Amino acid sequence: MPRVSPPPMGFIMDGLAAEAYDRSYSDRDLLRRITGYFRPYLGIMTLVSVTIGLNALMDAALPVLVSQGIDLVAEGLDQGADAQGVFATALPTLGLLVLTALLSWTFNFVRQSYTARAVGDVVLDLRRDAAQAVFARDLSFFDRFITGKIVSRVTSDTQDFATVVTLTLNLGSQVGQVLLVAAILLAIDPFLAGITFAIAPVVVVVALAFRRLARRTTQQARRVLAEVNATVQESITGIRVAKAFRQERSIYETFEDVNRKSFTLNLQSGLVFSAIFPILGFVGGIGTAAVVVFGGEQALGGGTSPGTWYLFVQSMGLFLFPLTGVASFYSQFQQGLSSAERVFALIDAEPAVQQTGENLTPDIEGRIELSGVHFRYVSEEPVLTDFDLVIDAGQTLALVGHTGAGKSSIGKLVARFYEFQGGHITIDGHDIRSLDLAAFRRSIGIVPQTPFLFAGSVGDNIRYGRPDASDDEVLAVAQRIGGGDWIATLTAGLDTDVGEAGRGISMGQRQLVALARVLLQDPRILVLDEATASVDPLTEAQIQEGLDVVLEGRTAIVIAHRLSTIEQADRIVVLEGGRILESGNHSSLVAQGGAYAELYDTYFRHQAADYDPEAATG
């Protein structure tokens with residue numbers, strides 16, 4: 001593939017706007033939410049805090065012990081002692097130095113181990129909340145927002161949230177070390193301590209200057225990562241279509257464009273965070289040079305001991321490095337806050353489907369009434385306007401009409417997949433918005449036009465709505481669909497692996513599995529969008545037999561495409577532009593010679609067993 005030249009900067013920002021459900025949180029709100037995730041792990045945090053303090057104490061003690069050792073050696077040499085005597089004098093200090101270093105390593109190991117555990121637990125909780133929020137969203141949410149970008153928030157952004165946890169825990173160690181070292185330096189030599197402390201405000205100011213830039217670049221980096229994830233997911237999902245039309249190069253170039261965006265923005269983000277430490281290191285180097293010069297003059301003049309001078313030179317690193325971490329904390333923290341903000345926006349997104357109550361209706365009869373319903377997917381395009389429809393309990397209602405007439409929308413509204421903007425929908429006289437949604441959905445079965453199967457066996461997919469169903473129950477239900485003959489056509493019976501999205505079996509077999517799945521659920525209300533895919537006559541007959549079994553004794557809304565289903569329906573409603581044109585049974589509507597008769601002659605008559613093509617054309 002040829003290399004794609006870098007796009008202009010204006011293009012880099014294209015498509016990286018915030019989603020409609022995004023919101024801005026103040027740092028205080030974000031910190032409050034983040035603290036809430038820490039609260040269940042207060043015990044671990046306390047242990048980490050204790051080890052942080054002990055580790056900082058040991059680290060601060062190390063240069064002090066080294067300084068004492070240097071002074072002991074210098075004093076022994078001044079007194080004319082030999083090397084063995086000097087070593088013997090410094091041996092206790094050396095042993096204490098080794099013990100202190102060992103304790104420092106031990107405390108640091110404990111701190112790092114429990115920090116990793118706390119990080120894992122907090123990220124796990126956040127990811128659970130994000131996933132639950134996604135699963136709780138209604139279908140309109142997934143219509144409006146790209147799935148790949150949603151997935152990126154649940155996976156990548158929650159993982160980046162670990163930055164917040166790690167930085168927060170490390171902050172305690174850094175602050176403690178800065179305070180301990182500062183107290184030791186001030187007690188030993190106030191003059192040199194003053195030189196060391198003079199550089200601290202400069203370090204803080206430089207670090208804080210990066211704050212806004214860091215927040216902005218990390219937000220853009222997170223958004224472009226979501227763009228990459230969405231592009232990859234769409235490309236792989238649609239790879240069959242792309243290959244059918246020989247568009248592999250086109251989808252590669254689309255990926256290359258968004259990948260170039262990601263490269264450029266991540267490069268900018270990396271430069272921001274890479275630049276802050278060299279700059280702070282340069283400022284710290286000035287302070288170290290001042291201590292070396294002035295402290296060295298004092299040591300040579302006898303104003304201070306060599307050990308003390310060494311202590312200050314070494315302590316500059318122990319003081320400035322954690323101080324640099326503390327000062328740059330907020331800039332680095334922005335990366336975690338940006339990710340946290342995106343995750344919290346997903347969690348806080350307002351659902352379009354609003355339930356006003358939690359009424360339990362365990363014994364649903366299945367009478368459905370739509371009264372004055374107004375519905376639209378987008379504000380400019382009404383689908384149903386002042387729509388009225390009554391479906392009696394146990395009645396099979398077939399909806400027919402041209403594409404866009406509103407057939408599928410009625411089924412989706414009854415299933416509470418979408419929120420209607422006006423009017424009322426009742427189930428057995430209960431406002432559908434007042435029902436407990438989980439309990440209601442257990443009483444309603446959905447068979448989509450293109451059945452979706454999850455990876456696993458045929459049996460696993462049949463028991464999807466009732467995971468506790470036994471193998472015998474699953475087999476009994478499967479045998480009721482089409483007489484069970486279709487099971488023998490599967491390579492391993494009900495243990496046959498369906499593959500990704502069910503592509504390991506035929507479309508007709510998928511439809512039969514979907515019918516068995518809803519039959520095992522045993523709902524009182526059924527919403528069925530009949531598939532239009534062509535299948536062989538035997539499978540067609542098996543599907544029709546399965547439909548007869550599933551529809552028996554249930555309230556059913558069928559978006560009908562098969563003449564056999566329409567003819568057997570208790571009632572047929574003809575829709576056009578979101579309004580009812582005609583209503584009745586098959587015979588009466590054909591006799592009227594109206595809209596249904598025209599649809600029948602155009603789309604359904606050829607499905608009749610006695611259809612004569614020559615007579616139809618003649």
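User: Is Arg579 buried, partly exposed or exposed, and what is the relative accessible area of Arg579?

Analyst: Buried means under 20% relative accessible area, exposed means over 50%, and partly exposed is in between (1.4 Å probe, protein chains only). Arg579 has a relative accessible area of 48%, so Arg579 is partly exposed. Keep in mind that this is a predicted model, where local features need pLDDT of at least 70, side-chain atom pairs count only at pLDDT 80 or more, and totals for chains, interfaces and linings use all residues. Residues are numbered from 1 along each chain as its sequence is written, and side-chain values use heavy atoms, with hydrogens and water left out.

User: Which residue forms a salt bridge with Arg579?

Analyst: A salt bridge here is a side-chain nitrogen of Lys or Arg within 4 Å of a carboxyl oxygen of Asp or Glu. For Arg579 the partner is Glu576, with the closest N and O atoms 3.8 Å apart. Glu576 is at 38% relative accessibility, so Glu576 counts as partly exposed too.

User: How many salt bridges are there by this rule?

Analyst: The count is 15. One of the pairs is Arg342 with Asp157, at 2.8 Å from N to O. That pair links distant parts of the chain, 185 residues apart: Arg342 sits in helix α13 (residues 306-348) and Asp157 in helix α6 (residues 147-160). Helices are DSSP runs (H or I, at least four residues), strands likewise (E, at least two), numbered from the N terminus. Both Arg342 and Asp157 are buried.

User: Where do Glu253 and Arg249 lie?

Analyst: Both are in helix α12 (residues 248-301), four residues apart, about one turn of the helix. Glu253 is partly exposed at 33%, and Arg249 is partly exposed at 41%.

User: Why do α18 and α19 count as roughly parallel?

Analyst: Axes are lines fitted to C-alpha atoms, for helices over the stretch in contact, and angles run from 0 to 180 degrees between N-to-C directions. Angles under 35 degrees count as roughly parallel, over 145 as roughly antiparallel, 65 to 115 as roughly perpendicular and the rest as oblique. Here the axes of helix α18 (residues 507-521) and helix α19 (residues 537-551) come within 10 Å and cross at roughly 15°. So α18 is roughly parallel to α19.

User: What about phi at Asp428?

Analyst: Asp428 is not a glycine, but its phi is positive, about 55°. Asp428 is in the loop between β4 (422-427) and β5 (430-431).
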